[in-house]
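Please read these points with the model open beside you.

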Amino acid sequence: MLKPPISRMGGKSKLRKTIISMLPEHICYVELFFGAGWVYFGKQPAKVEVINDIDKELINLFRMIKYHAPEVERMLQYDFSGRDIFEEYKNESIGNLTEINRAVRFLYLITQSFASKCGNYGYGTNTKPGQQIFYTETLKNLKERLRNTYVENLSFEKIIDKYDREYTCFFADPPYFETAGYANDFGEKEHLLLRNKLSNIKGKFILTINDHEKVREWYKDFNIKEVQVNYSVSREKKARGKYKELIVTNY
Ligand SMILES: C[S@@+](CC[C@H](N)C(=O)[O-])C[C@H]1O[C@@H](n2cnc3c(N)ncnc32)[C@H](O)[C@@H]1O
């Protein structure tokens, strides 16, 4: 199984084997909320695959890995972990950068920041400096994996409209309900739109989401499986622990 080049809040590293084991037969596989893409990078490629996320910088990174992996690798050789470099990248105006430069910047910020949030330089007293910027070997494999994949940068509802067929499998891993974290808003309105869209598709869907009374109500007509996950993004010991997540399917 391949490992993604970045971490992302809510990434499905711990759940991916379970999710993959539950995927139905499909010809077209669509990830609506790609993030780091743990499931995509772990599963066997389907005939047609689509990855989508609304985050422009994130999608630009995967496009650059797909089309310009050797150049991204070459540029990464010159970077090392440092608070001053981190701040320079963070304050850089992306309008002046090439797409390759933007990908390198994003990779740097995400791998060198606390909890991969690109906000604050990540340092520790019992962890080594972020090393994931040296991904030379893996970029080649990731590039191969991405070769036959459509890379989209739209909001999820447009992707559902475009790719829904009887033989399509949608994997939906939206931002958690009532948990802050991503740049764009994803509240009850967006969650209900997702539920309504998924309720009316021709194809199949598998959705992962945090266990919440409202979420259970929204998806009460579908199959709901409860799973426990260890979650450890917080520095605070008391905030770490086991969380319940739900896996919802329409098959
Ligand atoms: C929980 S993360 C996905 C994690 C991913 N499954 C993984 O394993 O890394 C949710 C993602 O949804 C994206 N997102 C938020 N709103 C969106 C929208 N309206 N349409 C598509 N993607 C969206 C965020 O940018 C974020 O990357």
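**Notes on the predicted model**

Residues are numbered from 1 along each chain as its sequence is written, and side-chain values use heavy atoms, with hydrogens and water left out.

1. **Strand β4.** Start with β4 (168-172). Helices (H or I, at least four residues) and strands (E, at least two) are DSSP runs, numbered from the N terminus. Five of the five residues of β4 are buried. Both faces are covered: T168, F170 and A172 sit on one side, C169 and F171 on the other.

2. **Neighbours of β4.** Strands pair if DSSP finds at least two bridges between them. β4 runs parallel to β1 (residues 28-31), and four bridges join them. Y29 has C169 as its bridge partner in β4, and E31 has F171. Four bridges also join β4 to β5 (residues 204-210), again in parallel. There, F170 stands opposite F205.

3. **Strand β1.** β1 is covered on both faces too: C28 and V30 are buried on one side, Y29 and E31 on the other. Four bridges link β1 to β2 (residues 48-52), and these strands run parallel.

4. **Cysteines.** How many disulfides does the structure hold? Zero, where a disulfide is a pair of cysteine sulfur atoms within 2.5 Å. C169 is in no disulfide; its nearest cysteine sulfur belongs to C28, 9.1 Å away. C169 is buried, with a relative accessible area of 1%.

5. **Aromatic pairs.** A search of the whole structure finds 15 aromatic pairs. Rings of Phe, Tyr and Trp (its six-membered ring) pair if their centres lie within 6.5 Å; planes under 30 degrees apart count as stacked, over 60 as edge-to-face and the rest as tilted. F34 and Y40 make an edge-to-face pair, 5.5 Å centre to centre with 75° between the planes. F34, Y40, F41 and F62 form one aromatic cluster.

6. **A pair across the sequence.** F177 and W218 also pair edge-to-face, at 4.9 Å centre to centre and 65° between the planes. Which parts does this pair tie together? F177 lies in the loop between β4 and α8 (188-199), and W218 in helix α9 (residues 213-218), so the pair ties together parts 41 residues apart in sequence. F177 counts as buried at 2% relative accessibility. W218 is buried as well, with a relative accessible area of 10%.

7. **Charges over rings.** A charge sits over a ring if NZ of Lys or CZ of Arg is within 6 Å of the ring centre and within 35 degrees of the ring normal. K43 lies over the face of Y29, 4.1 Å from the ring centre. R145 lies over the face of Y40, at 4.0 Å from the ring centre.

8. **K12.** K12 lies in the segment before α1 (16-22). Is K12 buried or exposed? At 4% relative accessibility, K12 counts as buried. Its side chain makes a polar contact with the side chain of D173, at 3.2 Å. A polar contact is a pair of N or O atoms within 3.5 Å; within protein, one must be able to donate a hydrogen and the other to accept it, and residues adjacent in sequence count only if both atoms are side-chain atoms. Leaving aside neighbours within four places in sequence, K12 is in contact (heavy atoms within 4.5 Å) with residues including W38, F171, D173, Y176 and E245.

9. **Y121.** Y121 is found in the loop between α5 (99-111) and α6 (136-146). At 13% relative accessibility, Y121 counts as buried. The side chains of Y121 and S81 are joined by a polar contact of 2.8 Å. The backbone nitrogen of G82 lies 3.5 Å from a polar atom of the Y121 side chain. Not counting residues up to four places away in sequence, Y121 touches several residues, among them R83, F86, Q112 and F114. Y121 and T138 are 17 residues apart in sequence and 24 Å apart in space, C-alpha to C-alpha.

Definitions and conventions:
Predicted model: local features only at pLDDT ≥ 70, side-chain atom pairs only at ≥ 80, totals over all residues. Buried < 20%, exposed > 50% of the residue type's maximum accessible area, 1.4 Å probe, protein only.
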